[in-house]
Amino acid sequence: MPEAARARWVLAVATSVVLVATGCSSGGGGSSSSDTSKTFSYQSSEPQNPLQPANANEVGGGRILQNLFRGLVDYDPSTAKIRMQVADKIDTSDSQTFTVTLKDGWKFHDGTPVHAKNFVDAWNWGATTSNNQINSSWFSDIEGYKDVHPAGGQPTVTTMSGLTVTDDLHFTVKLSNKVSYFEYKLGYIAFSPLPDGFFKDPAGYGQKPVGNGPYQFVSWSHNQEVVTKTFPDYQGVDKPKNGGVVFKMYNTSEAAYADLQSSNLDVIDQVPPSALATYKNDLGNRAIDAPQGAIQNIGFTLYQSDWSSPDKAKVRQGLSMAIDRDTITKTVLQGSRKAASAWVAEGVEGYKEGACGDACKFDPAKAKALITEGGGVPGNKLTITYNADGGHKEWVDAVCNSIRQSTGVDCTGDPKPDFKTARAAITGHQLNGAFRTGWVQDYPLNANFLSDVYRTGAASNDFGYSNPQFDQLAKQADEASSVADTVTGYQKAEAVLPSGMPTIPLWYYRTNSGYSTKVQSVMFDSFGNPAWTQIQVKG
Amino acid sequence: MGSYVLRRVLQMIPVFFGTTLLIFLMVYTLPGDPVAALFGEKAADPAVVASIKHKYYLDQPIWKQYLHYMGNLFQGDFGTSFTGRPVTDIMAGAFPVTIRLALLAFVFEMILGLVLGLVSGLRRGSVQDTLVLILTLLVISVPVFVLAYIAQTVFATNLGWVTPTVQNSYDLSQLMLPAIVLGSLSLAYVARLTRTSIGENLRADYMRTAVAKGLPRRTIISRHLLRNSLIPVVTFLGTDLGALMGGAIVTEGIFNVQGIGNVLYRAINQKEGPTVVGIVTVLVIVYLVASLLVDLLYAVLDPRIRYA
């Protein structure tokens, strides 16, 4: 993981050693003795879906499920590298058939063992259309997915042919295509195992989940809090150093921040925009500023004749060069973002700084020349569509100002009332020109930022971008024999993007957060989540 | 009297149908697809979208959806939210919070508002009167969220008397501060209404008669003056109770009170038809009952008003 976070982590450990050695304790952000039986509270929002792993799509439910369940693998919070959890090893010789060996001794919170069939049953259940799971497309790599999840109508079978249980601790996964980095995907919450009891009453388990993770479910007072406690039989490598997490529901980030300052709440999600300028002063060494695996882009409607001709790539490059990213991130966004120079977010495995090349550097003169060379922006007018409920107005206006001043192109923002309206317009191809888009990592690998967005016909390719060379390189990368080769393969594919410029990378997200005086050793991973189990509650 | 009440209750039935239909249509015409929005920034899977829509009856034409909803409603089923929770459960969790908050605010604004109005109305032009006028003007002109943030900063952050937000939404003592903020605007109106009303009635003929009869001042004020002056105030308070129940979104947000305002706000954002219609229907009924009570109170306050 990213330098800044690692540095802070090391620093925290170092101070704790010194303080323990000299027998000091301190308030503030320093370190003191901790009590492993005490719980801490975290800012949350009421889950929008039942608490089933394959149904976790928004942070409210997702963060809770992450703590209740552990999959075959997860990602080390400090390096973002993959590490084995329930899996002992995952072997493959051809990047298509994977043999999974489980560790013995893992248990669900109800005491039943975690066996191979718990994974296979859970995946089959999650993939089947009739179970209405939002994350079902995650299983689409597995052979037989189309049988349980046909394009239309209800499925006739409920098991995927690619999944075979060998014995209690072994199962094999056969994919319909080669995906060398499949194990990276397995860290996603949708691939969690489910206890046998779940399948008898999925709705009931959605209200009272039983998992195999470091924390077990205690209670859920709707709109108030979800209480968890440490699971004593947890077998993972990240044994909790606290007694549990209490997820307190907040309607606004301002309210959560007010509670954090008075230590009525221990760790927050993100500081509210109104406090961005002051939070480092308010919290001192309890403030957090860490990179996040997410990127903000401006996408183009390449399916429209106005933007489809190859010349227009130059216009898009020009527009990109007309945006003064450094100034906007520092002023309008108050340092909560970092100017982007690639399509893959910083801190992600395979991140290559400067992949966008000159096209992401601010150069008004060259911008103007490129736009003229490409035949100009249609009508000399550009509209950027965005959702007005996401706090995007300020930076869209700033980007437009930057473009207008640098090139004279009449750029204006086009707000849609809310997120779902904007999404409907984007996916319904009812736009004209440009729109706000972005990508938050599902797993910290560059393939996720590229394959899922820029491949011809990819589910999130809202631009209609299609480049045979990119598709070919991505295919080769998927078929590589190791994850390391996949990563370099996708870096090659990313190098194709500047020539077509389907989107303009703007900036990478950052986690601007903080914690109360009651906790210590708080660090955030590239998903923007704290390393839950490592947080210590002061004694 | 009895037949009047019965007539009023019967009038509620068409109003009930009208509002449910209107709200249902409004939610339906909100832009965007609520099921696709569940997928966030990711592309929505058409098969799952179709399956979820089928589950929630959203794949039917609007009139069928409405009939289906009303059919269930008469069996006591308010529908299910996307979280899989029945709407009745959601309301059972949030309404007690809002009722507590609204009643606290109501009691606060009523008692303090009447006292302030009485004091300043009886002593027009005095120092107290001027003070009340200035204070109420200040409260009316400052938006409620500014008041809320000031109260939060002063009483929680600076003085430390309370926690900045409500830790347990069912705890009356913690709801005091939000209730005072919520009720402060209406308090100002109540005080000013009472003041004006008392000022007018002081000059009425029956007041002169009462004074001429030699009645004690206390009796004159409580029996004659105050009772007659209360009619406009009661009208305002009655409608305000409904407003306090449904209109606390801003205050609930700042103090993190998990009441009906926030549930409704979230449901509208997510276009959750059953939740929105259920809550609004209950709010409409509260409003109707409150206005019926106000009308009945008129007769108590002024014996000249009779309902045959």
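Read from the N terminus, the elements of chain B run α-α-α-α-α-α-α-α-α-α-α-α-α. The model is predicted. Chain B holds 13 helices and 0 strands. The C-alpha trace of chain B spans about 85 × 55 × 30 Å along its principal axes. Of the 308 residues in chain B, 35% are buried. Contacts in chain B with a separation of 6 or more were also examined, and 75% of them join residues 24 or more positions apart.

Helix packing in chain B was examined around α5(B). Helix α5 of chain B covers residues 87–122, and helix α13 of chain B covers residues 273–301. The two pack at an angle of about 50°, and their axes are 10 Å apart. The crossing of α5(B) past α13(B) is right-handed. On the α5(B) side, the contact involves V87(B), I90(B) and M91(B). On the α13(B) side, P274(B), T275(B), G278(B), I279(B) and V282(B) take part. By class, the residues of this contact of α5(B) with α13(B) are 6 nonpolar, 2 polar and no charged.

Helix α5(B) also meets helix α12 of chain B, which covers residues 260–269. The axes of α5(B) and α12(B) come within 8 Å and cross at roughly 135°. The two helices are therefore oblique to each other. Residues I90(B), A94(B), F95(B) and T98(B) represent α5(B) in this contact. Their counterparts in α12(B) are I260(B), G261(B) and V263(B). The contact of α5(B) with α12(B) has 5 nonpolar, 2 polar and no charged residues.

Chain A contains both helices and strands, with 18 of each kind. The radius of gyration of chain A is 24 Å, close to the 24 Å that the globule rule gives for 539 residues, so chain A is as compact as a globular protein of that length. The C-alpha trace of chain A spans about 70 × 60 × 40 Å along its principal axes. Buried residues account for 54% of the 539 residues of chain A. Among contacts in chain A with a separation of 6 or more, 68% link residues 24 or more positions apart.

One helix pair was examined in chain A. Helix α15 (residues 446–454) of chain A packs against helix α17 (residues 483–494) of chain A. The angle between them is about 50°, and the axes lie 9 Å apart. That angle makes α15(A) oblique to α17(A). The crossing of α15(A) past α17(A) is left-handed. From α15(A), the contact draws on N446(A), A447(A) and L450(A). From α17(A), it draws on T486(A), V487(A), Y490(A), Q491(A), A493(A) and E494(A). The residues of the contact of α15(A) with α17(A) comprise 5 nonpolar, 3 polar and 1 charged.

The two chains also touch each other. Chain A gives 44 residues to the contact, and chain B gives 40 residues. On the side of chain A that touches chain B, the elements giving two or more residues are α6 (202–207), α7 (253–261), α14 (419–427) and β15 (434–440) of chain A. By class, this side of chain A has 15 nonpolar, 23 polar and 6 charged residues.

Conventions:
Residues are numbered from 1 along each chain as its sequence is written. Chains are lettered from A and ligands numbered from 1 in the order in which they are written. This is a predicted model: local features need pLDDT of at least 70, side-chain atom pairs count only at pLDDT 80 or more; totals for chains, interfaces and linings use all residues. Two residues are in contact if their C-beta atoms, placed from the backbone, lie within 7 Å. Helices (H or I, at least four residues) and strands (E, at least two) are DSSP runs, numbered from the N terminus. Ala, Val, Leu, Ile, Met, Phe, Trp, Tyr, Cys and Pro count as nonpolar, Asp, Glu, Lys and Arg as charged, and the others, Gly among them, as polar. Axes are lines fitted to C-alpha atoms, for helices over the stretch in contact, and angles run from 0 to 180 degrees between N-to-C directions. Angles under 35 degrees count as roughly parallel, over 145 as roughly antiparallel, 65 to 115 as roughly perpendicular and the rest as oblique. A crossing is left-handed if the near helix is turned anticlockwise from the far one by less than a right angle, and right-handed if clockwise. A residue is buried if 20 or more other C-beta atoms lie within 10 Å of its own, exposed if 12 or fewer, and partly exposed in between; C-beta atoms are placed from the backbone. The radius of gyration is taken over C-alpha atoms; the globule rule is 2.2 Å times the number of residues to the power 0.38.
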